[in-house]
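User: I'm new to reading protein models. Could you walk me through one, feature by feature?

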Protein chains: 2
Amino acid sequence: MNEINEKRFNSYIESVNDALEKYRELFSGENAVYQKKVVDAMWYSLSAGGKRIRPVLVQEFCRISGGSPSDCIAAASAVEMIHTFSLIHDDLPCMDDDDLRRGKPSCHKQFGEAIALLAGDALENTAFEIISDDSNISDEKKVRIIRELSSATGVFGMIGGQTIDMENIKGAVFSDSKLLSMYSMKTSALISASCRIGCICAGDYDGAARASEYGENLGTAFQIIDDILDIISTEDNLGKTAGSDEKSGKCTYAALHGIDDSVKQARKLSDAAKKALDGFEDTDFLLELTDMLLRRKK
Amino acid sequence: MNEINEKRFNSYIESVNDALEKYRELFSGENAVYQKKVVDAMWYSLSAGGKRIRPVLVQEFCRISGGSPSDCIAAASAVEMIHTFSLIHDDLPCMDDDDLRRGKPSCHKQFGEAIALLAGDALENTAFEIISDDSNISDEKKVRIIRELSSATGVFGMIGGQTIDMENIKGAVFSDSKLLSMYSMKTSALISASCRIGCICAGDYDGAARASEYGENLGTAFQIIDDILDIISTEDNLGKTAGSDEKSGKCTYAALHGIDDSVKQARKLSDAAKKALDGFEDTDFLLELTDMLLRRKK
């Protein structure tokens, strides 16, 4: 990334981290003494150093659609809460059973299963709570954001995708259609919603429709690269268990098509994402971000 | 209950059951083939024959506040979804580990732990989705409802209460203050929110504030009676494991104060709830409902 874009990227991350820290204070204090453990678990996972791609997308789509930072900071935080809730539940023994996340013990390894379950539940809920409570945006925007966020999270989004992934056990062979359907729901839905939500925060409802195509393509490329990295990277580098897909015999795009074709497909999707930005102005940052995500090593 | 009230009670239950069935259709169909299992698990638990007290409260507070049935049917369904999500997660092995719920195998016994976890997650999310998507009420009402519902569900509500309950293990002795704090969050918060939400659906925002006192008292009485029934009732009657509190050595109001004092306390709270209805008109149904819940045998 060039210097301007890198500075912007870092300032977005700083903004969402600051906002999340302020929300922590709202959920602490003398009324949260008895249930402090769940708040600790929520913020343990929230502050474990994720890539923050989704809140970056919210903030940048808001900016290029003419919105101000305060229009979107609650939504950017909410999207990261939903993402983190999904990681906490995904790591649980009854799901992927993963001990490591973002280079640290996963939430249930640190706090026990019950508290991790509740921390995920609370983050899912708190995402909607902070949007409904935000004093910066209109009720119309709030409702549109909640509609996008809940729809991307639910049966036709992330949770639907995770349901399909539960069938993805040793020796499973998914058709391309089923696999891409799973990727679209499990990964692209929330990424794509982040882009739309950024536009909505700025009041650009037409832009929201156009942003979908970018997010859909970016999200699928993102997931294919995740699969590739799971094969070729190391645990130290990823900050989570490497080789887990192969070990568990999961069907992934990379497993079905091989590394070379997967890299080609990710590049193709990345190009399609960039092309979808044509309808927007001032897209330099997003073009670079798209390339950066394609080339990422973790 | 007299005939008129009983008829009303049954019509509320019928309405929410019909609405939930219609929502099921929205989450089925050709776009929900791959993830059908999670939808089946959600509605397995939703339609397992709960008491539906919360959606009844939403509908009745809406009615006495001057609203029409269509103003509150989405909210009534959403409240039941949140309640059912909490039961599914509460029954999981890492929480209360209960095999039986509403006289049937609990969700994870029927669908496995992973799908039960996801079904709970999806119900929590879908509650907010159906409110944001409702075509009958204004954005202002939607935002107010979502604020009430999320706040009653989260860190200062149900999930906060469940967190405290996780410390409630063999031999735990809670102070009255901690125990009542737990009851207030775990049980009263959502019951009280249901009453407020009913008023909000009707546009009576002042009524919402007054409804809290009714809901708080009713909710605590409800939980104390639950404790008593857990001691004196049978599994056949309750439709869930009886004697589970004593078996797990949990601290409850009944365990701390004995059955007689608990019955007295429940009656006192019930009276306080009825008194709080003074600010409303046409409260005959709620007065009878309050008595009925005090005398319930399951």
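User: Leaving aside its neighbours within four places in sequence, which residues is B:L46 in contact with?

Analyst: First, some ground rules. This is a predicted model, where local features need pLDDT of at least 70 and side-chain atom pairs count only at pLDDT 80 or more, while totals for chains, interfaces and linings use all residues. Residues are numbered from 1 along each chain as its sequence is written, and chains are lettered from A and ligands numbered from 1 in the order in which they are written.

Now, two residues are in contact if their C-beta atoms, placed from the backbone, lie within 7 Å. With those sequence neighbours left aside, B:L46 touches B:L20, B:E80, B:M81 and B:T84. Take B:T84: it sits 38 residues from B:L46 along the chain, yet their C-alpha atoms are separated by 6.2 Å.

User: Is B:L46 buried or exposed?

Analyst: Count C-beta atoms (placed from the backbone) within 10 Å of the residue's own: 20 or more others means buried, 12 or fewer exposed, and in between partly exposed. B:L46 has 25 such neighbours, so it counts as buried. It lies in helix α2 of chain B; helices here are DSSP runs (H or I, at least four residues) and strands are too (E, at least two), numbered from the N terminus.

User: Which residues of α14(B) are buried?

Analyst: An α-helix has 3.6 residues a turn, so residues three or four places apart point the same way. In α14(B), the buried ones are B:F285, B:L286, B:L289, B:T290 and B:L294. They pack against α1, α3, α10 and α13 of chain B.

User: How are the two chains related?

Analyst: Two copies of a chain are related by a rotation about an axis and a shift along it.

User: How many residues of chain B are in contact with chain A?

Analyst: 46 residues of chain B meet 46 of chain A. On the chain B side, α6(B) gives the largest share, 14 residues. And 100% of chain B's interface residues are also interface residues in chain A, so the copies meet through the same surface.
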